[in-house]
Amino acid sequence: MFSVLPAAPLTPETLEMVRSTLNEMTLANPKQHDAVSTIDRFIPGPPGNPEVRVRIYEPVSKHEKMPGLLWIHGGGYIIGIPEMDDALCQRFALEAECIVVSVDYRLAPETPFPGPVEDCYAALKWFAEHADELGVDASRIAVAGASAGGGLTAAVSLLARERKGPDISFQMPLYPMIDDRIITKSSHEISDERVWNKEKNIHGWSAYLGSSYGGQVSPFAAPARAESLEDLPPTYTCVGDLDPFRDETLEYVTKLAQAGVPTEFHLYPGCFHGFDMLVPDAGISQHAAAQYVDAVKRAFQK
């Protein structure tokens, strides 16, 4: 995520440098747990598009028909690689006792909507269709992600509902990036330069939406625009009260509850965007991470 976002302003001119810096820092400090095996595979992408790299994490001591978690990394739709969430995905694999598939979706602006979400949906389809091969119970496949990965999680759930499959047993869009309109109070009042703010938000959305930015936008790009959230999977989400996405997350949770979707939500006081990954040793970060890892574990036990 943005836990190591370089100090340079995020602009079209600096984007490649920011990406390179983040990726170099991530790959220079690999995280590998001895009890988890990690492999990369290339799977079919959306029709007519390139293959998609997925990173698969599984416990070394595994049993047949484990649940599966499709994880989608964050990065404002413009930055990031699966490796930056290695430690978290390994934790999910061990503590929630599941197989994790993390998606290396294409990034904007080179690939604007719908490319990134279609990559993630293709990974979901592959996951479900190859469940037996992977040793996964196809009836217990969940989707989760943080920030832009949370937005893609919400969008993939909407797509799966629209296209009548694959079935998703649980979704966990953490402090999700879901509203391109940037009209909430929190999207304007948060000026924190460390991680994400209004200016970075505008840059991320304009890159992701391309020529659609400021016009007619699909709910599969910005799930806050969805007219109905009925028949979505049981949901867990959280956000800090100093996060630009605070209000859009609150509105999303309210709409889910009103649509009859079982929803658990946590608001963390004094916490900014990506706090759990920027300051992982803080007590509240450890508490938040323990809660959402436990939420996945509990969802798989139902």
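Predicted model: local features only at pLDDT ≥ 70, side-chain atom pairs only at ≥ 80, totals over all residues.
Residues are numbered from 1 along each chain as its sequence is written, and side-chain values use heavy atoms, with hydrogens and water left out.

The secondary structure of the chain comes to 10 helices and 8 strands, where helices (H or I, at least four residues) and strands (E, at least two) are DSSP runs numbered from the N terminus. The radius of gyration is 18 Å, close to the 19 Å that the globule rule gives for 302 residues, so the chain is as compact as a globular protein of that length; the radius is taken over C-alpha atoms, and the rule is 2.2 Å times the number of residues to the power 0.38. Along the principal axes, the C-alpha atoms fill a box of roughly 50 × 45 × 45 Å.

Of the 302 residues in the chain, 56% are buried, where buried means under 20% relative accessible area, exposed means over 50%, and partly exposed lies in between (1.4 Å probe, protein chains only). Among the contacts with a separation of 6 or more, 75% are made by residues 24 or more positions apart, a contact being heavy atoms within 4.5 Å.

Strand S4 (residues 99–104) has 5 of its 6 residues buried, so this strand is largely enclosed by the rest of the structure. Strand S2 (residues 52–59) pairs with S4 in the antiparallel sense over 5 bridges, and here Arg55 stands opposite Ser102 in S4. Strand S3 (residues 66–72) pairs with S4 in the parallel sense, over 5 bridges, with Leu69 opposite Val100 in S4; two strands count as paired if DSSP finds at least two bridges between them. In a regular strand the side chains alternate between the two faces of the sheet.

Leaving aside neighbours within four places in sequence, Thr26 is in contact with Ile81, Glu83 and Met84. Pro12, by contrast, is found in the segment before H1 and is exposed, with a relative accessible area of 59%. The C-alpha atoms of Pro12 and Cys271, which lie 259 residues apart along the chain, are separated by 28 Å.
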